[in-house]
Amino acid sequence: MTSEQTRVDFWFDPSCPWAWMTSRWVDEVSQHRDLDVTWHIMSLAVLNEDRDDLPEAYKAFFPRALRYTRLVAAASELHGAAIVKPLYDALGTRIHPGGSTDSDAVIAGALDEVGLPAEFAAYADSDEYDPQMRASHFDGIQRVGQDVGTPVIAVNGVAFFGPVISPAPKGEMALTLWDGVVAAASYDGFFELKRSRTRDPQFD
C-alpha cells in the first residue's frame, strides 16, 4: 500500500446523520492512512431553499439546521479552519448519538467543549457570515452537481456525493471501502454508483 498522502475535502451539514457517519468513517481511516483532510461547511437549508415539493416536517427542520451551519461558518471565519472539525464533532455528538433536538443546549454544550465563549452562540442567529457559508456550500455542490446532498467528499480533487453508509465501518472494512473510493476517484470517467437505502442511520 502506498504511503503517499491523500488530499481530502469534506463538506458537511452538522445536522445530517448520513454526513455524520461518513465523517466517523473518515476519522477511522485517518488512523491508518495518511490523509490531509479539510472540513467545509455546507447547508441543507440552502440546498433546498428553492424547493416547494418537500414535506412540511422536513422544512420545519431547516431553521434549526441553519443555526448550526451559521455557527460553524462564523467559527471558521473568526478562529480559523482548525476549529471547524472540533466544533463539528462537538455539535454532531450531541445531535446524532446524543439525539438532542434542543439547538440552544447543543450549541451551548458544543461551544463549552471547544473553548469558545457562551456569547458566541449569537452567531447561530446572525446572517453576518452567510456569504462565506454559502460560498463554501456552493463550492462543494458545484463539484458534484445539484441533484445531491450532504456529505460531499473530494479525494485528490475528484468529488462525489457520499459515500452514504450505515453504520460507519471500522477496522479493515473501513480501509477496504476507503481504498475503493480512492480507486474510483482515480478514474476520470467514473460518475455514479448507487442503490436504494435499506436501513436508517445507525450510530455507535
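The model is predicted: local features need pLDDT of at least 70, side-chain atom pairs count only at pLDDT 80 or more, and totals for chains, interfaces and linings use all residues. Residues are numbered from 1 along each chain as its sequence is written, and side-chain values use heavy atoms, with hydrogens and water left out.

View 1. β1 covers residues 6–12; strands (E, at least two residues) and helices (H or I, at least four) are DSSP runs, numbered from the N terminus. Six of its seven residues are buried, so β1 is largely enclosed by the rest of the structure. Buried means under 20% relative accessible area (1.4 Å probe, protein chains only). Strands pair if DSSP finds at least two bridges between them. β1 runs parallel to β2 (residues 35–41), with seven bridges. V8 faces V37 there. Four bridges join β1 to β3 (residues 152–155), antiparallel. W11 is bridged to V152.

**View 2. The β-α-β unit.** β1, helix α1 (residues 17–30) and β2 form a right-handed unit. Right-handed means that, with the strands pointing away from the viewer, the path from the first strand over the helix to the second runs clockwise.

**View 3. Helix α3 and T69.** α3 spans residues 56–79. T69 lies in α3 and is buried, at 0% relative accessibility. Beyond its neighbours within four places in sequence, T69 contacts D13, P14, I41, M42, S43 and M133 (heavy atoms within 4.5 Å). Just after α3, G80 has a positive phi of about 90°.

Conventions: Buried means under 20% relative accessible area, exposed over 50%, partly exposed in between (1.4 Å probe, protein chains only).
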